[in-house]
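This report describes how one protein chain is folded. Please look at the sequence and the structure before reading on.

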Amino acid sequence: MERPGAWYHVTARGNERRPIFQDDRDRGHFCELLAQSTETFRLVLHAYVLMDNHYHLLMETPEANLSRAMQWFNVSYSVWFNRRHGRAGHLFQGRYKAIVVDRDTWALGLSRYVHLNPVRVKSLLLDKPAQHRSQQGAGSKPEAELIRERLVRLRRYRWSSYRAYAGLTPPPPWLVCKAVLALVGEGHVEQQRLAYRQYVEDAVREGLAESPWEQLSAQIVLGTQEFVRGLRQHWQGNQREQAPLRGLAPRPGFVQVIAVVEKLKGEKWETFRDRHGDWGRDLALYLGKKECGLKLRELGEAAGGMDYAGVSVAVKRFERSLATDKELAALLALAKTQLLNVEM
């Protein structure tokens with residue numbers, strides 16, 4: 001799915017999850033190829049991070065040439081890496097993965113996700129299991145020393161664009177920070193860097209940054225329904241490009257979800273909205289997240305000011321109940337059917 005001016009999150013992982021970088025010379029050459037690719041293919045690189053066995057890029061393609069550029073890039077690095085380390089065979093696990101990104105609504109949050117990769121590790125209690133426990137309310141508040149360790153690692157990590165964004169080092173000429181920094185607000189660039197730094201590091205302190213991948217549409221698009229409709233119109237005459245978009249039906253709004261749940265319960269939303277553990281409230285929150293694509297904070301506001309961690313707990317509780325409660329699973333199926341028939 002390529003279009004002029006599109007933004008993409010691009011990632012590739014080592015074959016069998018093996019390292020794609022063995023030392024800093026590998027990482028340095030990778031960055032040299034990034035610089036060359038931005039010039040050769042007129043790419044705009046907005047953010048990046050290099051991890052041991054994978055990489056993340058947030059980039060823009062003014063000329064709709066992502067496939068050609070990434071093929072050249074991955075092949076060039078693979079050939080160089082294999083020659084240097086005396087190996088043969090595939091370096092990467094299949095083709096790269098690319099997600100089309102709605103710049104206005106997701107570029108800022110996605111850049112934070114990319115930059116947080118170096119601290120999303122078990123030793124700092126920010127790996128997936130630790131975040132899952134925290135979102136369920138089971139994790140303990142991190143101690144000051146642990147927070148300090150997280151921030152030190154984030155700020156010192158060389159193989160990421162975060163240091164340039166935070167004003168800790170000058171950005172290389174092949175990295176463009178201004179477009180994402182503009183999304184944190186107006187003002188002088190130093191003010192924007194300070195605001196961006198606070199935005200990212202607050203997530204490090206809290207350990208509760210929501211993953212953007214829970215908001216994906218058909219595993220290929222990160223954006224609003226208006227954004228998806230724009231993609232459909234752009235690729236209207238191209239059957240090959242249209243194929244992945246066929247499953248992207250318009251999402252219902254939370255108002256429609258509330259109406260359906262009210263009908264199933266026979267009660268008004270206001271009467272059960274504040275009942276802790278009520279299946280109707282949990283069902284509404286679950287549908288709001290899964291079917292409407294709302295963020296946890298948005299759901300919390302719609303549910304009368306719930307904390308977003310409390311919303312996460314309610315959604316997870318509902319998911320666990322589905323495994324053993326057949327009646328609840330039937331109600332969920334009925335609610336989804338009714339949502340398909342409501343007028344958007």
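**Overall fold**

The model is predicted. Its protein chain contains 16 helices and five strands. Of the 344 residues in the chain, 48% are buried. Among contacts in the chain with a separation of 6 or more, 71% are between residues 24 or more positions apart.

**Nonpolar cores**

The largest nonpolar core has 72 residues. Y55, L57, M70 and Y77 have the most contacts inside this core. Helix α2 (residues 66–85) supplies the largest share of the core, seven residues. A second, separate core has 26 residues, including L287, V315, L328 and A335.

Leaving out residues up to four places away in sequence, L57 touches Y8, H9, V10, L34, L45, A47, Y48 and M70.

**Helices α5 and α8**

Two packed helices are described by the angle between their axes and the distance between the axes. For helix α5 (residues 144–156) and helix α8 (residues 189–206), the angle is about 140° and the axes are 9 Å apart. An angle over 145° would count as roughly antiparallel; α5 and α8 are therefore oblique to each other. The crossing of α5 with α8 is right-handed.

On α5, the contact is made by I147, R150, L151, L154 and R155. On α8, R197, V200, E201, V204 and R205 take part. Sorted by class, the contact has five nonpolar residues, five charged residues and no polar ones.

Notes: Residues are numbered from 1 along each chain as its sequence is written. This is a predicted model: local features need pLDDT of at least 70, side-chain atom pairs count only at pLDDT 80 or more; totals for chains, interfaces and linings use all residues. Side-chain values use heavy atoms; hydrogens and water are left out. Axes are lines fitted to C-alpha atoms, for helices over the stretch in contact, and angles run from 0 to 180 degrees between N-to-C directions. Helices (H or I, at least four residues) and strands (E, at least two) are DSSP runs, numbered from the N terminus. Angles under 35 degrees count as roughly parallel, over 145 as roughly antiparallel, 65 to 115 as roughly perpendicular and the rest as oblique. A crossing is left-handed if the near helix is turned anticlockwise from the far one by less than a right angle, and right-handed if clockwise. Contact means heavy atoms within 4.5 Å. Ala, Val, Leu, Ile, Met, Phe, Trp, Tyr, Cys and Pro count as nonpolar, Asp, Glu, Lys and Arg as charged, and the others, Gly among them, as polar. A nonpolar core is a set of buried Ala, Val, Leu, Ile, Met, Phe, Trp, Tyr and Cys residues joined through side-chain atoms within 4.5 Å. Buried means under 20% relative accessible area, exposed over 50%, partly exposed in between (1.4 Å probe, protein chains only).
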